Amino acid sequence: MIVQTLEGRRAFIRQNTQLLSPPHAPELVLHLADEVTPLWKLTEEALEEIGLPPPFWAFAWAGGQALARYILDHPQTVAGKTVFDFATGSGLVAIAAMKAGAASVLANDIDVFCEAAVTLNAEANGVAVAFTEANLLDGPPPAAQVLLAGDICYEKPMTEAVMDWLRRGRAQGSTVLIGDPGRTYFRKDDLLKLAEYQVETTRELEDMAIKRTSVWTLP
């Protein structure tokens with residue numbers, strides 16, 4: 001299995017996913033795993049050989065679906081603006097921003113497989129999304145007009161680091177939008193809720209088939 005190159009990773013994704021529409025953003029299509037377990041087991045086996053990370057890019061997570069839905073329904077939040085999508089995964093939120101009229105979107109994820117997923121998914125939706133794999137948390141947030149982050153609160157130290165980073169971005173003047181399905185470490189005492197959705201997920205990934213998921217902003 002040759003996945004050391006961008007084209008090799010793109011080929012791997014094509015072979016192990018299908019073009020599907022996320023339940024809460026049916027206007028879009030993504031290369032997604034139609035069954036969780038086979039791909040996850042495949043990557044666990046491959047991990048021993050080549051260091052393939054868990055395929056978070058192969059699923060439309062609830063926080064990302066909610067944030068994409070909000071952007072598509074409220075295009076004025078990104079239209080004509082420069083946008084940065086943190087921990088982009090499949091690129092769902094970044095693509096929604098481009099479809100809603102963003103001037104440009106830079107997607108970011110430290111998993112290099114996400115570059116392959118984002119480029120494939122952007123092509124499938126007829127948009128262009130730039131990508132960087134740099135770990136940006138040690139520096140200032142990019143000077144984008146809008147910072148987006150979906151499903152970022154899985155572990156306490158990372159959640160705290162990312163939320164502090166996003167607050168720095170808000171202090172720099174960026175609009176910050178966050179999608180979260182009630183993760184344990186998500187602190188919302190200084191946030192403003194913009195919308196709430198019932199997002200269809202899978203019991204293979206989540207604790208319930210429908211997740212109450214909200215979109216928040218830093219006022």
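## Strands 4 and 5

Ala-107 has Phe-131 of strand 5 as its bridge partner in this predicted model. Strand 4, residues 104-108, pairs with strand 5 in the parallel sense, and three bridges join the two.

## Helix 3 against helix 4

Helix 4 also packs with helix 3 (residues 62-73), at an angle of about 5 degrees and with the axes 9 Å apart. Helix 3 is therefore roughly parallel to helix 4, since angles under 35 degrees count as roughly parallel.

Helix 3 contributes Gly-64, Gln-65, Leu-67, Ala-68, Ile-71 and Leu-72 to the contact, and helix 4 contributes Leu-92, Val-93, Ala-96, Ala-97 and Lys-99. Eight residues of this contact are nonpolar, two are polar and one is charged.

## Helix 1 against helix 5

Helix 1 (residues 6-16) and helix 5 (residues 113-124) have axes that come within 9 Å and cross at roughly 65 degrees. The two helices are therefore roughly perpendicular to each other. The crossing of helix 1 past helix 5 is right-handed.

On the helix 1 side, the contact is made by Leu-6, Arg-9, Arg-10, Phe-12, Ile-13 and Arg-14. On the helix 5 side, the residues are Phe-113, Glu-115, Ala-116, Ala-117, Thr-119, Leu-120 and Glu-123. Seven residues of the contact between helix 1 and helix 5 are nonpolar, one is polar and five are charged.

## The loop at Gly-182

Gly-182 sits in the loop between strand 7 and strand 8. With a relative accessible area of 59%, Gly-182 is exposed. From Gly-182 to Arg-212 the separation is 30 residues in sequence and 7.4 Å in space, taken C-alpha to C-alpha.

Notes. Residues numbered from 1 in each chain as written. Predicted model: local features only at pLDDT ≥ 70, side-chain atom pairs only at ≥ 80, totals over all residues. Heavy atoms only, no water. Axes fitted to C-alpha atoms, helices over the stretch in contact; angles between N-to-C directions. Helix = DSSP H or I, 4+ residues; strand = E, 2+ residues; numbered from the N terminus. Parallel < 35°, antiparallel > 145°, perpendicular 65-115°, else oblique. Left-handed = near helix turned anticlockwise from the far one by under 90°. Contact = heavy atoms within 4.5 Å. Nonpolar A, V, L, I, M, F, W, Y, C, P; charged D, E, K, R; others polar. Pairing = 2+ DSSP bridges. Buried < 20%, exposed > 50% of the residue type's maximum accessible area, 1.4 Å probe, protein only.
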